Every structure is written in structure tokens, then in C-alpha cells.
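This report describes how the secondary-structure elements of one protein model are arranged and which side chains meet. The sequence and the structure come next.

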Amino acid sequence: MARVRYFAAAEEMAGRAEETRTERTLGDLRRALAQERPGLGGILPRCAVLVGGSRTDDDAVLAEDTLVDVLPPFAGG
């Protein structure tokens, strides 16, 4: 199972800081999260989603020990 960590607004919309997921690809994970948590689904397209510390395509395979970070756009200046 992949370990998913949520930060800032993504954590708020997910209702948790992290969880483990069983989806096999990043695209499957994105679709499942958007369906299960509409609030998170609303910001997910604007989030940086890192798999193993790098941006990747939705066809990236999520192995049992994969770390996925969901980082919303940050405001500031």
C-alpha cells in the first residue's frame, strides 16, 4: 500500500495528515480521492503531487512502499 501525506489545505480537505491507499497508479489514486472526498477533489488538480519526491505522470505505479505527497499551491510573498 502507498503512504499518502497531505499538507496545508489538502490535509484540511482530506480530514487527515496521512493514510495508506491500495490504488495501483497515481491516476487511480487521484480519481479515488476526488470521488471519496469532493473537497479534496476540488483542489487536487491544482496540487503538486509527488511520488517518491518527484512529479510524475498519472500512469506511475504505486508500489507497497511508495510515498506520495499532496502539496496544494502555497500563497505568500
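A48 has L71 as its bridge partner in β5. Strand β3 (residues 48–51) and strand β5 (residues 67–71) pair in the antiparallel sense over four bridges, where pairing requires that DSSP finds at least two bridges between two strands. Helices (H or I, at least four residues) and strands (E, at least two) are DSSP runs, numbered from the N terminus. The model is a predicted one: local features need pLDDT of at least 70, side-chain atom pairs count only at pLDDT 80 or more, and totals for chains, interfaces and linings use all residues. Residues are numbered from 1 along each chain as its sequence is written, and side-chain values use heavy atoms, with hydrogens and water left out.

**Sheet**

Strand β3 also pairs with strand β4 (residues 54–55), in the antiparallel sense and over two bridges. In this pair L50 stands opposite R55, and V51 has S54 as its bridge partner. The two strands form a hairpin with two residues between them, and G52 in the turn has a positive phi of about 60 degrees. From β3, A48 and L50 point one way and V49 and V51 the other way, and all are buried. Buried means under 20% relative accessible area, exposed over 50%, and partly exposed in between, for a 1.4 Å probe and protein chains only.

The whole sheet is open and has five strands in the order β2-β1-β5-β3-β4, with mixed pairing. β2 (18–21) and β4 stand at the edges with a single partner strand each, so one side of each is left without a neighbour in the sheet. S54 and G41 are 13 residues apart in sequence and 21 Å apart in space, C-alpha to C-alpha.

D69 lies in β5 and is buried, with a relative accessible area of 10%. The side chains of D69 and R5 are joined by a polar contact of 2.7 Å. A polar contact is a pair of N or O atoms within 3.5 Å; within protein, one must be able to donate a hydrogen and the other to accept it, and residues adjacent in sequence count only if both atoms are side-chain atoms. Leaving out residues up to four places away in sequence, D69 touches R5, F7, A48, V49 and L50, contact meaning heavy atoms within 4.5 Å.

**Helices and core**

Helix α2 (residues 26–36) lies across β1 (2–6), β2, β3 and β5 and runs at about 120 degrees to β2. Axes are lines fitted to C-alpha atoms, for helices over the stretch in contact, and angles run from 0 to 180 degrees between N-to-C directions. L26, G27, L29, A32 and L33 are buried in α2. The buried residues of this helix pack against β1, β2, α3 (38–43), β3 and β5.

The largest nonpolar core has 18 residues, and those with the most contacts inside it are Y6, L29, L40, V68 and V70. Such a core is a set of buried Ala, Val, Leu, Ile, Met, Phe, Trp, Tyr and Cys residues joined through side-chain atoms within 4.5 Å. Two or more residues of this core come from each of β1, α1, α2, α3, β3 and β5. Among the residues that Y6 touches are L33, L40 and V70.

A8, found in helix α1 (residues 8–14), has a positive phi of about 50 degrees although it is not a glycine. A8 is partly exposed, with a relative accessible area of 45%. R46, in the loop between α3 and β3, is exposed, with a relative accessible area of 53%.

**Salt bridges**

The structure holds nine salt bridges, each a side-chain nitrogen of Lys or Arg within 4 Å of a carboxyl oxygen of Asp or Glu. Three of them are tabulated here.

| Pair | N to O distance |
|---|---|
| E19 and R16 | 3.6 Å |
| R21 and E19 | 3.6 Å |
| R21 and E36 | 2.9 Å |

The last pair links distant parts of the chain, R21 in strand β2 and E36 in helix α2, 15 residues apart. R21 is buried at a relative accessible area of 7%, whereas E36 is partly exposed at 45%. E19 is buried at 11%, and R16 is partly exposed at 37%. R16, E19, R21, E23, E36 and R37 are linked in a network of salt bridges.
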